[in-house]
Structure formats: structure tokens, C-alpha cells
Amino acid sequence: MDETMELLQSAHAGDKEARDRLVSENMGLIWCVVRRFLGRGHEAEDLFQIGSIGLLKAIDKFDTSYDVRFSTYAIPMITGEIKRFLRDDGMIKISRSLKEMAAKAGAERERLGTTLGREPTLPELAESLQVEPTELAAAMESGAEVESLYKTIYHGDGNAIYLIDKLEDMKEEDEGVLNKLVVARLLKELPPQEARLIVMRYYMDKTQTQVAKELGISQVQVSRLEKKILQTMRRRL
């Protein structure tokens, strides 16, 4: 077992000195990530402090049974923490045209729903608004909150539960491919519609029926496509 793993095990057992040493020895990871976000209106030191939170989370949550280097796990944690900070601070902007289209889509969705007696499909909504479905989908997604994998979703008995923990609870074989260490990278490799399907299913907790309505396809098609995507992701692991 290498020294880092030994320090991690000691830190998990409550050894504060080991935890502090891990922080000290991995500060370079934080600066490596911080450099990617310079020039966005925040001082490097401020971003470093935010990134430090991500490093601490990585230390506390890393499973030493993983066949992966600690740095491979820590960098996405640090990056996610900084991105969430920039997003919540209003640094990620949505264009006015997309905002306006999203607002129109919301009103038209409600009107069509009343008229049709059901949730309108994306193509129906796009036709009613006289816009391209892809353009409408982008506008609607721009209005949705992009969640960090490390957002706290429950804090009951003093132990925070993060969104990424929810992925760990998915026990089905096909769902198990959503390994928390590589899910962000794998999603980037998927075609836009496939990535959107996975995000809606596993990040937004939407049912296959709800996803089918969003994508304008049948529930059976969603089921088949989801299985195919998960198999592809598993192969890429």
C-alpha cells in the first residue's frame, strides 16, 4: 500500500495530522484546477479556498478500495466545487434570447397542456412556437439548475449526503455503470441527446415516461436507448 493510501486510511480513522498532511501534499492539485478558472472576476486565492473545500471532501469520501489514484478522484471534486461557486455567484451566464424563449416555452407548455389534456411533446411545443426543436431544447435546459455532483441533498444526523451518493445507491446492473469517478467524462463523450437522457434520468430523477415526453419519443424507445447508452458507458469504463 502506498503512503497516500495509508494517510487516507489514518485520516478516515480520525487522525487529524494525517488529514492535514494530505491537504498539504495535494495543494498542487488545487492550483492546477484554479488556473483553469482565472480571469473570471475572482481572485486566485478565493478560488483556491473554494477548491480546498473540494479537496477536503475528496479526502473524506475517497474509498481506498478503488483501483484508482487519489488525484484522479480529487480533481473532479475540486473542479466541481469551483464550478458550483462560479455558477451560484452568477458567473455562468445565459443569453437573453434563450431566457426569453424559455419563458415563452413555459407559458405555451401550460396552454398546450390544458388544450391537449396532457403534457405536450417537445416537437409539438416547438411547432407551436415556430422554432426548431433543438433550439427549444437548449432554451428549456438553460433554465434548469445544473447540479453539482457534490451538492448536499440531505443533512439530518450531522452527516451530509451528497448528490453523488445517490448514484451509489443505484443497484441495478445497468445503472451501476454510472461510476462516480468517471461519469462526468463519460457524459461528455456521448451525443447530446443521449447525454441529455442520462442527465434527466439520473441527475433530475425523471421517469422514463417523463423523459419520453421531453424527447418526443415513446417510453419503450427511452428504455431501449437508456440500456444501450449504459452498455456503451460500461464498455468505455
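This is a predicted model: local features need pLDDT of at least 70, side-chain atom pairs count only at pLDDT 80 or more; totals for chains, interfaces and linings use all residues.
Which residues in α11 meet which residues in α12? Let's open with that one, and then walk back through the rest of the chain.

Okay, the answer. On the α11 side we have Q193, R196, L197, M200 and R201, and they meet Q208, V211, E214 and L215 on the α12 side. Sorted by class, that contact has four nonpolar, two polar and three charged residues. As for the geometry, α11 covers residues 192–202 and α12 covers residues 208–215, and the two helices pack at an angle of about 145° with their axes 10 Å apart. The crossing of α11 past α12 is right-handed.

Now let me zoom out for a moment. The chain has 237 residues, and 39% of them are buried. Its secondary structure comes to 13 helices and two strands. If you take the contacts with a separation of 6 or more, 54% of them are between residues 24 or more positions apart.

Find residues 27–34 for α3 and residues 44–61 for α4; their axes come within 9 Å and cross at roughly 125°. That makes α3 oblique to α4. The crossing here is right-handed. Who touches whom? From α3 we have M27, I30, W31 and V34, and from α4 we have A44, E45, L47, F48, G51, S52 and L55. By class, this contact consists of eight nonpolar, two polar and one charged residues.

How many aromatic pairs does a search of the whole structure find? Three. One of them is W31 with F48, a stacked pair with 4.6 Å centre to centre and 25° between the planes. Where do the two residues sit? F62 is in the loop between α4 and α5, while Y73 is in helix α5 itself, residues 70–88, so the pair ties together parts that are 11 residues apart in sequence. Are these two buried or exposed? F62 is buried, with a relative accessible area of 2%, and Y73 is buried as well, with a value of 2%. There's also F70 to mention: ring pairs link F62, F70 and Y73 into a cluster.

While we're in that loop between α4 and α5, have a look at D63, which has its place there too. D63 counts as partly exposed, at 32% relative accessibility. Its C-alpha atom is 9.6 Å from the C-alpha atom of H12, and D63 and H12 are 51 residues apart along the chain.

You'll find L22 in helix α2, residues 16–25. Is L22 buried or exposed? It counts as buried, at 0% relative accessibility. And what does L22 touch, if we don't count residues up to four places away in sequence? The answer is T4, L7, L8, A11 and I59. As for L56, it is 34 residues from L22 along the chain, and the C-alpha atoms of the two are separated by 9.0 Å.

Last stop, a backbone detail. Most residues other than glycine have a negative phi. Now look at Q130: this residue is not a glycine, yet it has a positive phi of about 60°. Q130 has its place in the loop between α7, residues 122–129, and α8, residues 133–142. With a relative accessible area of 73%, Q130 is exposed.

That's my tour; over to you.

Technical notes. Residues are numbered from 1 along each chain as its sequence is written. Side-chain values use heavy atoms; hydrogens and water are left out. Axes are lines fitted to C-alpha atoms, for helices over the stretch in contact, and angles run from 0 to 180 degrees between N-to-C directions. Helices (H or I, at least four residues) and strands (E, at least two) are DSSP runs, numbered from the N terminus. Angles under 35 degrees count as roughly parallel, over 145 as roughly antiparallel, 65 to 115 as roughly perpendicular and the rest as oblique. A crossing is left-handed if the near helix is turned anticlockwise from the far one by less than a right angle, and right-handed if clockwise. Contact means heavy atoms within 4.5 Å. Ala, Val, Leu, Ile, Met, Phe, Trp, Tyr, Cys and Pro count as nonpolar, Asp, Glu, Lys and Arg as charged, and the others, Gly among them, as polar. Rings of Phe, Tyr and Trp (its six-membered ring) pair if their centres lie within 6.5 Å; planes under 30 degrees apart count as stacked, over 60 as edge-to-face and the rest as tilted. Buried means under 20% relative accessible area, exposed over 50%, partly exposed in between (1.4 Å probe, protein chains only).
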